[in-house]
Amino acid sequence: RNLLLAKHDSIISEILTTHVGHCREISLYLESEFDKIFVELNKRPEDIEGVAAMEDYMDGLKSTMKTLGELSGDMMAYHGLLDEYKYKVDYDVGHALWQVYAMPGQVDAKMDEVRVAMEAVRKQLNALQEVEQVAFGTSLAQLEKDVAALQEHTDLAKVDETAVVLAAVEV
């Protein structure tokens with residue numbers, strides 16, 4: 001009877017050790033996927049196309065986060081089995097479990113931070129665009145004056161002077 005009990009304990013211990021390995025692999029996979037998300041969220045757009053690309057990425061991130069959340073829930077359930085059998089795991093396995101458990105909240109916080117930063121970039125780009133529009137309006141008004149001044153040049157004897165004025169308008 002003791003021999004049979006020892007064999008069963010050995011088999012269960014081996015199964016749980018293998019299970020810990022699978023839990024570690026899942027944790028590492030999820031951690032690497034969250035790290036990829038953080039790499040993308042750490043990029044700072046500097047133009048309106050970059051802001052639009054980041055918004056598109058963040059919109060698509062909802063389905064990715066749902067999938068990662070489901071996998072994270074599965075991972076927690078797998079660790080629950082280890083707890084049920086009171087199987088002692090290494091510190092790094094437990095640490096990885098709680099790191100991955102906390103990452104969806106960290107992603108949400110990072111997304112909020114990125115939204116604030118993108119709004120600041122958008123305001124900066126709008127201000128720059130307004131300055132450019134004012135400068136364009138000023139140059140357009142000057143061009144209209146120069147074109148209107150060309151109407152004064154009707155004397156064919158002053159062709160050379162007219163050519164100089166026309167060259168200045170073309171530039």
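What covers the buried residues of helix 1? The cover includes helix 2 and helix 3 (91–149). The model is predicted: local features need pLDDT of at least 70, side-chain atom pairs count only at pLDDT 80 or more, and totals for chains, interfaces and linings use all residues. Residues are numbered from 1 along each chain as its sequence is written, and side-chain values use heavy atoms, with hydrogens and water left out.

Helices are DSSP runs (H or I, at least four residues), numbered from the N terminus. Helix 1 spans residues 2–41 and has 40 residues. From first C-alpha to last it reaches 57 Å, close to the 58 Å expected at 1.5 Å a residue. The expected span is 1.5 Å times one less than the number of residues. Helix 3 has 59 residues and reaches 83 Å, close to an expected 87 Å. A kink of about 35 degrees lies at Met 103 in helix 3, shortly before Pro 104. The bend at a residue is the angle between axes fitted to the seven residues ending there and the seven starting there.

Burial was assigned from relative accessible area (buried under 20%, exposed over 50%, partly exposed in between; 1.4 Å probe, protein chains only). Buried residues of helix 1 include Leu 16, Val 20, Cys 23, Leu 30, Phe 34, Ile 37 and Leu 41.

The largest nonpolar core has 21 residues. Such a core is a set of buried Ala, Val, Leu, Ile, Met, Phe, Trp, Tyr and Cys residues joined through side-chain atoms within 4.5 Å. Those with the most contacts inside it are Phe 34, Ile 37, Leu 41, Met 58, Leu 61 and Val 107. Helix 1, helix 2 and helix 3 each give two or more residues to this core. Helix 3 gives the most, with nine residues. A second, separate core of five residues includes Leu 16, Val 20, Leu 82 and Val 93. In soluble globular proteins, nonpolar side chains tend to be buried together.

Contacts (heavy atoms within 4.5 Å) were examined around Leu 41. Beyond four places in sequence, Leu 41 is in contact with Met 54, Tyr 57, Met 58, Leu 61, Val 107, Lys 110, Met 111 and Val 114. Tyr 57 sits in helix 2 (residues 48–84). Tyr 57 is partly exposed, at a relative accessible area of 27%. Besides Leu 41, Tyr 57 is in contact with Lys 36, Ile 37 and Glu 40, leaving aside neighbours within four places. Tyr 57 and Ile 37 are 20 residues apart along the chain, with C-alpha atoms separated by 9.6 Å. Lys 110 lies in helix 3. Its relative accessible area is 14%, so Lys 110 is buried. Lys 110 touches Phe 38, Leu 41, Asn 42 and Arg 44, not counting residues up to four places away.

Leu 16 belongs to helix 1. It counts as buried at 7% relative accessibility. Its contacts, not counting residues up to four places away, are Leu 82, Tyr 85 and Tyr 87. Leu 16 and Leu 30 are 14 residues apart in sequence and 21 Å apart in space, C-alpha to C-alpha.

A search of the whole structure finds one aromatic pair. The rings of Trp 98 and Tyr 101 have centres 5.2 Å apart and planes at 80 degrees, so the pair is edge-to-face. Rings of Phe, Tyr and Trp (its six-membered ring) pair if their centres lie within 6.5 Å; planes under 30 degrees apart count as stacked, over 60 as edge-to-face and the rest as tilted. Trp 98 and Tyr 101 are three residues apart in helix 3, so about one helical turn separates them.
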